[in-house]
Amino acid sequence: MNVGKKLRKFIFLNVFAMMGMSCYILADTFFISVANGTLGIAALNLTLPVYGLLFAIGSLIGIGSATRYSLCKMTDNETSRLYFSNAVMFAVLIGIGFTLLGNFFPAEILKLMGADADILSIGTEYLQIAMLFSPFFIANYTFTAFVRNDNAPNIAMAATLLSSLFNIVFDYVFMFPMHMGMRGAALATGVSPIISIGICMIHYLSKKNTIVFKWHLPSFKLLASAAGLGVVAFVGEIANSITTLVFNFILLALSGNNAVAAYGVIANIALVGTAIFNGVSQGLQPLASTSYGHGDKEDVKKILRQSLVIAVILSIVLVSAVWVFAQGLVGIFNSAQSAELAKFAVPGLRIYFLGFLVAAVNIVLAGFFSATGQGLASSLIAVSRGIIVISLMAFMLSKLFGVTGVWMAFPVTEVVTFGIAMGIQGVSKRKE
């Protein structure tokens with residue numbers, strides 16, 4: 001299979017997998033809202049930053065280690081063989097720490113997130129159960145990333161999609177027929193990464209597998225080396241939590257709960273858009289890393305060029321669909337038919353999604369820089385678009401244009417970040 005066909009296969013398998021993950025998050029929220037109403041949603045939202053941190057650490061270790069493994073095995077095969085086991089050991093050790101925190105101090109964690117007595121009554125047990133599975137949440141990123149980089153993207157996709165499907169189905173089974181409520185939701189979510197890891201074992205136990213687990217003392221040096229290439233994935237996971245926090249504070253001050261609810265609708269739909277382009281970014285990574293490691297500059301350029309073309313086409317289709325169907329999309333989440341919410345959300349959705357026309361390019365460039373060992377460049381793009389610039393734009397534009405300025409913050413941030421990315425790309429070309 002030539003590099004173009006292989007790239008398209010890797011990208012679309014990852015896009016489907018990431019979209020599957022975004023849909024399970026939406027389903028999780030829907031079932032909890034039906035079972036526990038607004039208190040359930042509030043409790044879930046207060047625990048989301050904890051999930052975000054677990055996923056961010058998992059991606060930092062797992063995706064960073066898998067990328068470093070692909071780059072390193074071309075020149076130092078012996079060292080490259082240590083990255084998988086090192087990632088698994090650190091994932092488990094850090095995960096155990098979170099498990100202990102979650103089970104000894106669940107109420108304190110929820111209070112830190114802003115929970116009141118009503119939330120504590122249903123959220124404490126949910127958090128305790130969910131955090132029992134912390135090692136699996138973190139380690140899952142390592143298992144799927146290494147499977148993908150070991151030329152088995154179809155298994156990585158199956159692991160992600162089937163574990164997400166399990167979560168959706170057993171959310172319903174545990175919460176309703178078995179009457180477990182929030183405990184059932186936590187259990188279904190906690191077991192899902194175990195399902196994913198189990199599916200990945202199909203590859204690890206096959207003859208095609210080239211990844212080995214070697215017992216050795218956990219190496220902070222290897223972890224630091226991997227983490228430098230995992231920052232993009234880390235920021236991608238943690239940025240949504242930070243952005244949501246900033247936007248909520250601003251919107252609450254500007255127009256109260258209706259504006260915040262409108263942002264909740266926009267953010268939920270935007271999860272799907274982000275998932276699409278993260279899928280493109282992660283799909284190019286194994287091939288870009290391998291070609292770069294072989295010193296094949298023509299293939300590296302071809303991979304970047306075709307990935308950008310795919311991302312831009314997908315962004316045009318996505319934004320066009322949102323502009324045409326904005327009213328209907330908002331209606332799905334607006335069961336109370338609130339005219340006030342629709343007034344904010346429909347134009348907000350259209351303005352916000354314009355950012356994906358540029359975000360598609362930025363996300364792909366950040367992933368490409370990471371895949372080719374340019375950790376600093378990829379980190380700069382990721383931190384700019386995910387944390388620093390978007391926070392500044394939200395504060396500045398909201399002062400000038402009110403709620404509309406908040407929606408504008410995302411597209412303006414992506415344009416600013418694109419300028420930064422082009423500057424980095426220019427410097428990179430001059431060094432060639």
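Mentor: Happy to. Leaving aside neighbours within four places in sequence, Asn167 is in contact with Tyr24, Asp28, Ala188, Thr189 and Ser192. Keep in mind that this is a predicted model.

Trainee: Is Asn167 buried or exposed?

Mentor: Start with its place, which is in helix α7, residues 153-175. Buried means under 20% relative accessible area. Asn167 falls under that cut-off, so it counts as buried, with a relative accessible area of 0%.

Trainee: How far apart in space are Asn167 and Pro193, C-alpha to C-alpha?

Mentor: In sequence, the two are 26 residues apart. In space, the C-alpha to C-alpha distance between Asn167 and Pro193 is 9.3 Å.

Trainee: Let's turn to Asn149. Which residue has its backbone oxygen 2.9 Å from a polar atom of the Asn149 side chain?

Mentor: Asn149 is in helix α6, residues 134-149, and it is buried, with a relative accessible area of 6%. Not counting residues up to four places away in sequence, it touches Ala66, Thr67, Ser70, Lys73, Gln285 and Pro286. The backbone oxygen at 2.9 Å from its side chain belongs to Ala66.

Trainee: How are α3 and α6 oriented to each other, roughly parallel or roughly antiparallel?

Mentor: The axes of α3 (residues 83-104) and α6 come within 6 Å and cross at roughly 160 degrees. Angles over 145 degrees count as roughly antiparallel. The two helices are therefore roughly antiparallel.

Trainee: By class, how many nonpolar, polar and charged residues does the contact of α3 with α6 have?

Mentor: α3 passes α6 in a right-handed crossing. Residues making the contact include Phe84, Val88 and Phe98 of α3 and Ile138, Phe143 and Phe146 of α6. By class, the contact has 14 nonpolar, four polar and no charged residues.

Trainee: Now the loops. What is the relative accessible area of Asn151?

Mentor: Asn151 is found in the loop between α6 and α7. Its phi is near 65 degrees, a positive value in a residue other than glycine. Exposed means over 50%, so Asn151 counts as partly exposed, with a relative accessible area of 49%.

Trainee: And His179: is it buried or exposed?

Mentor: His179 is in the loop between α7 and α8 (181-204). Its phi is near 55 degrees, again a positive value in a residue other than glycine. With a relative accessible area of 65%, His179 is exposed.

Terms used
Residues are numbered from 1 along each chain as its sequence is written. This is a predicted model: local features need pLDDT of at least 70, side-chain atom pairs count only at pLDDT 80 or more; totals for chains, interfaces and linings use all residues. Side-chain values use heavy atoms; hydrogens and water are left out. Helices (H or I, at least four residues) and strands (E, at least two) are DSSP runs, numbered from the N terminus. Buried means under 20% relative accessible area, exposed over 50%, partly exposed in between (1.4 Å probe, protein chains only). A polar contact is a pair of N or O atoms within 3.5 Å; within protein, one must be able to donate a hydrogen and the other to accept it, and residues adjacent in sequence count only if both atoms are side-chain atoms. Contact means heavy atoms within 4.5 Å. Axes are lines fitted to C-alpha atoms, for helices over the stretch in contact, and angles run from 0 to 180 degrees between N-to-C directions. Angles under 35 degrees count as roughly parallel, over 145 as roughly antiparallel, 65 to 115 as roughly perpendicular and the rest as oblique. A crossing is left-handed if the near helix is turned anticlockwise from the far one by less than a right angle, and right-handed if clockwise. Ala, Val, Leu, Ile, Met, Phe, Trp, Tyr, Cys and Pro count as nonpolar, Asp, Glu, Lys and Arg as charged, and the others, Gly among them, as polar.
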